[in-house]
Amino acid sequence: MKQSVKELITLLYSGNIDKKEFLQNYFDNKSPDNKLVSELFAKGIVNEDADIIEEVIVLLYTGIFPNSTCTNYLSELLLVSWHTKHEDIASLLKNIASPNTVENLHKAVELKLDYLEYDDTFQLARKCIKALSRINNEQAIDKLKLLSNSENEVISKYAEKELVQKGLL
């Protein structure tokens, strides 16, 4: 990631610029190209470059690109450990609500990532469970039922809550 892009992302995160200003500066007042997102994902994954993944996720959060075109990339990235954007990815996948992501969302609930070791509230698991709940197909419900029996009490409670809200428990 170029230094100027890092600076723009920092300004956006800090609230010193808004999404519109970020996009104007990022694209240097040119029209955004939808191919850019796919190219960035591919480059980030091949090179295991966490900075590029952060860049593309920020672009997705601006709302100008259709997230659904990136479902496979996001689902794949959910299970690798070389970046720190798992919770953001789970949130994006919740919004997409694609049945194609059920298996990876379920696997991600039980991921043990070093950078999340401190998190005794298991927020990645919670976000993945919310995404499964939003998908709401038979496979996703089956995964929620499995998770409601998790040995991890926190995870079990998150899954139970979603099942109760659906009237399934």
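In this predicted model, the lining of the largest pocket comprises eight nonpolar, two polar and five charged residues, where Ala, Val, Leu, Ile, Met, Phe, Trp, Tyr, Cys and Pro count as nonpolar, Asp, Glu, Lys and Arg as charged, and the others, Gly among them, as polar. Of these 15 lining residues, Leu111, Lys112, Leu113, Leu116 and Phe122 lie nearest the centre of the pocket, and α8 gives the most to the lining, with three residues. A pocket is here an open set of points on a 1 Å grid over the protein atoms alone, where a 1.4 Å probe fits, with protein on both sides within 12 Å along at least five of seven lines, and lining residues have an atom within 4 Å of a point.

Helix α7 (residues 102-109) contains Asn104, which counts as buried at 17% relative accessibility (buried, under 20% relative accessible area; exposed, over 50%; partly exposed, in between; 1.4 Å probe, protein chains only). Not counting residues up to four places away in sequence, Asn104 touches Ser75, Glu76, Leu78 and Leu79, contact meaning heavy atoms within 4.5 Å.

Asn136, in the loop between α8 (123-135) and α9 (138-147), has a positive phi of about 60° although it is not a glycine, and is partly exposed, with a relative accessible area of 43%. Helices are DSSP runs (H or I, at least four residues) numbered from the N terminus.

Residues are numbered from 1 along each chain as its sequence is written, and side-chain values use heavy atoms, with hydrogens and water left out. For this predicted model, local features need pLDDT of at least 70 and side-chain atom pairs count only at pLDDT 80 or more, whereas totals for chains, interfaces and linings use all residues.

Conventions
Helix = DSSP H or I, 4+ residues; strand = E, 2+ residues; numbered from the N terminus.
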